[in-house]
Amino acid sequence: AALAALVVVAAAGPAPAQESRPPIEDVVRSGSELSFTVLAPEGSEYAAGDLEIAVNELDPQDVRARAQQVPRGAVLVIDTSRSMDEPLSPGEQAPIAAAKVAAAQFLSSLKPHDVMALVNFDGEAESLSGFSGDREALLEEVVGLKSGPGGTALYEGVMEAVDLVESRDAAQRNIVLLSDG
């Protein structure tokens, strides 16, 4: 997951005089490997040493090493506003029920060493759990979610998640948001 984020390729050292970065095409991800084609302007020549590659502003070797050392983790941010109790179409389940199912499936997909944190928001945001690998406790929090009476403090929920991920290694700062709007 770490290598799929942002890839930046820039000319390093004395490359052809150009302000912009060469375009990237044919990006293919296979497992933790990422391949792509750098399109150099006609008439320019690049050697492998002329290019600098960064993933989320990190050297790719650092990303790979960090991703192997740091358990995968995410903050799951769940909307529990009043609108989550109202089915979007007649006969459908309420979005809160769908969010609980999605959260449970997400939890079950984690590997044993992975961790997750939970935040919910309605009229205000609340951190329900810091990063934890305790699947049962996390699932209990998810199952116990109920829609609140208030509005939707989406931005506060996201900022609560940002506060949590700031403690994580840069290679593992993930936020998953479940909302109906």
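Two strands count as paired if DSSP finds at least two bridges between them, and the legends below use the word in that sense for a model that is predicted.

Figure 1. Among contacts between residues at least 6 apart in sequence, 67% join residues at least 24 apart.

**Figure 2. Confidence along the chain, with residues 1-18 in view.** The mean pLDDT of the protein chain is 80, and 80% of its residues reach 70 or more. Over residues 1-18, however, pLDDT stays under 50, although the model has 47 contacts for this stretch beyond four places in sequence. Where pLDDT is low, the predicted coordinates should not be read in detail.

**Figure 3. An open sheet of four strands.** The strands of this sheet lie in the order β7-β6-β5-β8, and their pairing is mixed. Strands β7 (125-132) and β8 (175-178) are the edge strands, each of them pairing on one side only. On average, and with direction ignored, neighbouring strands of the sheet are turned by 15° against each other. Strand β6 (residues 115-121) runs antiparallel to β7 and is joined to that strand by five bridges; Val119 stands opposite Ser127 in β7.

**Figure 4. Helices α3 and α4 against the sheet.** Helix α3 (residues 135-143) packs on the sheet, where it touches β6 and β7, and the direction of this helix makes about 15° with that of β6. Helix α4 (residues 154-165) lies across β5 (73-79), β6, β7 and β8, and runs at about 25° to β7.

**Figure 5. The largest nonpolar core and a second, separate one.** The largest nonpolar core has 15 residues, and those with the most contacts inside it are Leu76, Ile78, Ala103, Leu107, Met116, Leu118 and Leu178. Two or more residues of this core come from each of β5, α2 (95-109), β6 and α3, and α2 gives the most, with four residues. Leu118, once its neighbours within four places in sequence are left aside, is in contact with Leu76, Glu126, Ser127, Leu128, Ser129, Leu138, Glu141 and Val142.

**Figure 6. Ser81, a buried residue in a loop.** Ser81 lies in the loop between β5 and α2. Because its relative accessibility is 1%, Ser81 counts as buried, a word that applies under 20% relative accessible area. Not counting residues up to four places away in sequence, Ser81 touches Phe121, Asp122, Ser147, Gly148, Gly150, Gly151 and Thr152.

**Figure 7. Asp26, a residue with a positive phi in strand β2.** Asp26 lies in strand β2 (residues 24-30) and has a positive phi of about 55°, although it is not a glycine. With a relative accessible area of 54%, Asp26 is exposed.

Conventions. Residues numbered from 1 in each chain as written. Predicted model: local features only at pLDDT ≥ 70, side-chain atom pairs only at ≥ 80, totals over all residues. Heavy atoms only, no water. pLDDT = per-residue confidence, 0-100. Contact = heavy atoms within 4.5 Å. Axes fitted to C-alpha atoms, helices over the stretch in contact; angles between N-to-C directions. Core = buried A, V, L, I, M, F, W, Y, C linked by side-chain atoms within 4.5 Å. Buried < 20%, exposed > 50% of the residue type's maximum accessible area, 1.4 Å probe, protein only.
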